Amino acid sequence: MSPGAPGADSAPLLVLDGVTKSFGAVAALRGVHLELHPGEAHALVGENGAGKSTLVKILAGAHAPDTGRMTLDGQPLELRGPADARAAGIAVIYQEPTLFPDLSVAENIFMGRQPLRGLRRIDTAAMNRDAERLFARLGVRIDPARPARGLSIADQQLVEIAKALSFDARILVMDEPTAALSGVEVERLFGVARSLCERGAAVLFISHRFDEVFDLCQRITVLRDGAWVSSDRAADLTVDEVVRRMVGREVSSLYPKQDAPLRDTLLEVRGLTRAGVFSDVSFSVRGGEIVALAGLVGAGRSEVARAVFGVDRYDAGEVRVAGTVLPPGSPRKAIAAGMALVPEDRRQQGLVMELSVERNATLARRRALSRLGLLLGGAERAEARRWTRRLQVKTSRLTAPVATLSGGNQQKVVLAKWLATEPRILIIDEPTRGIDVGTKAEVHRLLSELANEGLAILMISSELPEVLGMADRVLVMHEGRLVRELPRAEADETSVMFAATGQGAQA
Amino acid sequence: MSVTAGAPERVDGHPPTGPDPRRRGLAERLLAVRELSLLLALAALVLVTTLRNERFLSGQSVKDLLLGCAILVILAVGQTLVIVTRNVDLSVGSILGLVAFATGSLFLAAPGTPWPVALLLGVALGALCGVVNGGLIAVAKVPALVITLGTLYAFRGVDYYWASGRQINAADMPRSFLRLGNQTVLGVPVLFLVALVVVAVVGYYLRAYRSGRELYAIGSEPAAARLSGIPVGRRVFAVFVANGALAGLAGVLYAARFGTLDAAAGTGLELQVVAAAVVGGVAIFGGSGSAYGAALGAVLLTTIGSSLAVLRIDPFWQQAVVGALILAAIGLDRLLAVRMAARLRGRSAHGA
């Protein structure tokens with residue numbers, strides 16, 4: 001029995017005990033304990049990267065835990081794949097919808113379980129009727145025969161919910177299902193979840209919206225850094241207490257931002273809006289300053305960065321570099337103006353994995369290095385050597401493919417690539433995600449040095465200690481809006497987390 | 001509900017009314033449109049050609065046409081199975097050549113073999129080639145394009161090694177077998193009837209069976225397919241085996257039809273097969289298209305071949321016309337996709 005959890009009134013339906021899961025060197029879950037009781041809605045809360053989504057994937061049978069055991073009705077439960085999870089009565093609504101765009105809505109709901117008629121043929125009419133009935137329960141009208149392609153995010157989410165409902169699941173797992181839903185739709189979803197509970201099902205609800213958590217759930221489990229923190233009755237907790245448990249850790253001294261003299265404003269963003277993604281985002285960054293953009297995953301931080309850099313278009317607002325308006329939608333002009341973007345997803349956006357270290361490092365400034373349009377090896381190599389040395393990239397040779405490097409060293413090569421363009425403004429998205437502690441410290445030292453040299457740095461980070469340690473100012477985003485601006489002195493874990501979860505946004 | 005574009009699809013707070021009997025799936029309607037437009041193109045082509053030379057519609061000419069397209073139809077239908085799962089099989093031409101030569105060799109070695117046995121053995125050899133393809137793809141986790149490009153040469157190489165320059169002639173094969181290739185029932189070649197059966201079976205399977213729909217799901221969104229518990233690896237393997245078996249069937253029919261066989265039979269056929277499927281509306285990135293469409297694509301391509309000859313157009317242009325047709329088909333798909341997306345977005349506008 002988990003310490004701190006009150007005695008349950010019934011035997012648990014599903015128990016996870018001592019579950020761990022690592023991806024390479026990163027431990028996503030470390031000995032998590034979770035009990036789901038029939039007729040109860042259970043909330044799972046934690047910061048970004050606390051391990052919630054990994055736990056969901058394990059329950060869904062998509063990941064196998066490294067150690068630990070699961071029991072269902074007291075019997076050991078082993079999930080070898082999503083099909084096993086379904087057979088065990090576990091239905092999962094993922095954070096991101098997982099639909100088949102080419103197939104009809106009804107087929108999406110009933111894939112693999114379509115109603116049959118003679119000769120085991122699919123009974124399309126019955127399938128559409130059943131889908132219609134599910135939508136009626138949810139109180140929405142979606143044509144079951146239309147393809148899923150083109151459905152709005154909210155409608156896609158509703159199809160996912162209908163799919164989960166159609167299982168008659170004993171355990172319903174919802175990974176942030178409400179992010180795209182309107183108030184009415186959320187109420188209906190909760191109505192359905194409650195009626196499932198009344199029939200003896202267990203619900204696991206993951207959300208950053210505390211009002212919803214306390215509205216729906218009877219029990220709350222807090223995860224932090226992949227480890228179990230507490231499980232309590234919701235009635236015994238307050239929002240303050242939950243937030244404290246989510247973030248409760250000492251800020252380590254790993255993050256050495258030195259005070260740099262502030263110079264002129266280099267980057268100025270005014271009223272930036274992209275319909276449905278973010279709206280009215282305004283901020284500025286001065287030379288020598290590190291400004292952190294904090295918020296939960298999906299708050300729109302990376303999207304703002306991409307728009308500022310010109311990768312994505314925006315509907316309204318303007319971006320100024322050192323006072324000059326930057327034309328929207330042109331990364332080439334942004335680079336020319338002295339801006340650099342180190343993206344979050346290194347593998348997909350930052351590096352050409354098959355190319356050599358030196359090729360990657362000089363990719364962003366081939367033009368400057370070429371003579372008469374030809375890239376000559378000498379210039380490229382000299383430039384690459386300069387930056388890889390400064391960043392202490394550990395590689396056997398500069399001609400080794402980037403794919404052979406560790407995550408931390410790959411990140412350094414991406415940095416080298418952009419620093420080689422000698423930018424005045426550096427936008428860096430999740431600078432230390434998935435890299436080891438030692439390299440982390442090096443990246444932080446480097447960022448601090450660069451700020452000292454007069455660069456304006458906009459850093460997006462989901463790691464609160466990093467934000468608090470590195471940033472001179474913290475901008476907090478919540479659901480597409482900039483809700484708080486906190487100077488270094490006022491920023492602490494609680495104030496940032498409160499703003500990021502939409503609590504006290506007006507305060 | 002799908003009567004007017006842009007009408008609010010959902011009205012919050014009101015329970016939905018019963019299903020509209022007039023309502024038909026948009027996807028289904030577009031599918032119908034696609035196959036209809038192929039039929040129209042085919043009709044227009046035949047009409048124009050016949051106006052120039054009325055003998056184009058004579059019994060013998062039509063019979064030649066049906067005979068000529070049967071093998072391509074079977075291969076295109078098999079390829080459809082593969083392409084809807086977001087894969088491709090480039091080795092079908094080589095499988096056909098290998099099986100055709102094997103069939104001839106069988107009759108050479110055992111002249112008394114009844115033709116149904118030869119047919120079954122040919123299909124089995126084709127399926128075995130499919131097992132090789134499917135197995136390599138499952139083990140190596142390399143795109144099917146690369147694997148089947150390799151087996152294209154490998155199977156052909158086996159064929160050449162085996163034949164070592166020999167040629168098998170019609171005289172070496174039993175009359176009953178050769179008749180299979182030329183016989184007609186009520187004026188329709190048997191070969192074409194076989195192709196029709198294949199089209200009907202595969203087309204209906206893809207439409208009405210759970211595992212058939214799962215093939216579309218795999219091609220439409222592989223990650224989601226895995227999460228919904230579809231045995232993706234097993235299905236893809238099965239699809240390559242089925243396609244190999246159909247290529248084997250086509251190989252036996254090839255032997256029956258032409259009688260004269262060497263190791264080069266079916267060289268380059270794979271690209272015609274893929275072209276037929278694409279022209280027939282099978283999306284090259286998987287998830288949509290039908291066996292019926294692919295079969296119509298194959299008939300259209302074959303008809304173009306013969307009508308250009310009748311129209312006395314330089315054979316050189318034939319390739320260019322086929323190329324233009326493929327580009328037109330892809331352009332049409334793109335246009336339909338864009339228009340459908342716009343329309344669907346309008347339809348899903350929220351009432352609230």
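Student: What joins strand 15 of chain A to strand 20 of chain A, and in which sense do they run?

Tutor: Strand 15 (residues 290-295) and strand 20 of chain A are joined by 4 bridges and run parallel. Two strands count as paired if DSSP finds at least two bridges between them. Strands here are DSSP runs of E with at least two residues, helices are runs of H or I with at least four residues, and both are numbered from the N terminus. This is a predicted model, in which local features need pLDDT of at least 70 and side-chain atom pairs count only at pLDDT 80 or more, while totals for chains, interfaces and linings use all residues. Residues are numbered from 1 along each chain as its sequence is written, chains are lettered from A and ligands numbered from 1 in the order in which they are written, and side-chain values use heavy atoms, with hydrogens and water left out.

Student: Which residue of strand 20 of chain A is the bridge partner of A:V291, and which is that of A:L426?

Tutor: A:V291 has A:L458 as its partner, and A:L426 has A:I457. The second pair belongs with strand 19 (residues 425-429) of chain A, which pairs with strand 20 in the parallel sense over 5 bridges.

Student: What makes strand 20 of chain A mostly covered?

Tutor: Buried means under 20% relative accessible area, exposed means over 50%, and partly exposed is in between, with a 1.4 Å probe and protein chains only. In strand 20 (residues 456-460), 5 of its 5 residues are buried. Both faces are covered, with A:A456, A:L458 and A:I460 on one side and A:I457 and A:M459 on the other.

Student: Why is B:T80 called buried?

Tutor: B:T80 has 0% relative accessibility, so it counts as buried. This residue sits in helix 2 (residues 59-83) of chain B.

Student: Why is B:R312 called exposed, and why is A:A322 called partly exposed?

Tutor: B:R312 has 74% relative accessibility and therefore counts as exposed. A:A322 has a relative accessible area of 38%, so it is partly exposed.

Student: What is the phi of A:A322, and what is that of B:R312?

Tutor: Most residues other than glycine have a negative phi. A:A322 has a positive phi near 50°, and B:R312, also not a glycine, has a positive phi of about 60°. A:A322 is in the loop between strand 16 and strand 17 of chain A. B:R312 lies in the loop between helix 12 (291-310) and helix 13 (315-347) of chain B.

Student: What makes strand 17 of chain A an edge strand?

Tutor: The open sheet of 4 strands has the order 14-13-16-17 in chain A, with antiparallel pairing. Strand 14 (278-286) and strand 17 (324-325) each pair on one side only, and these are the edge strands. Strand 17 is joined to strand 16 (residues 316-321) of chain A by 2 bridges, and A:R320 stands opposite A:V325.

Student: How many bridges join strand 21 of chain A to strand 22 of chain A?

Tutor: There are 6 bridges between strand 21 (residues 473-478) and strand 22 (residues 481-487) of chain A, which run antiparallel. A:L475 stands opposite A:E485 in strand 22. The hairpin has 2 residues between the strands, and A:E479 takes a positive phi near 50° there.
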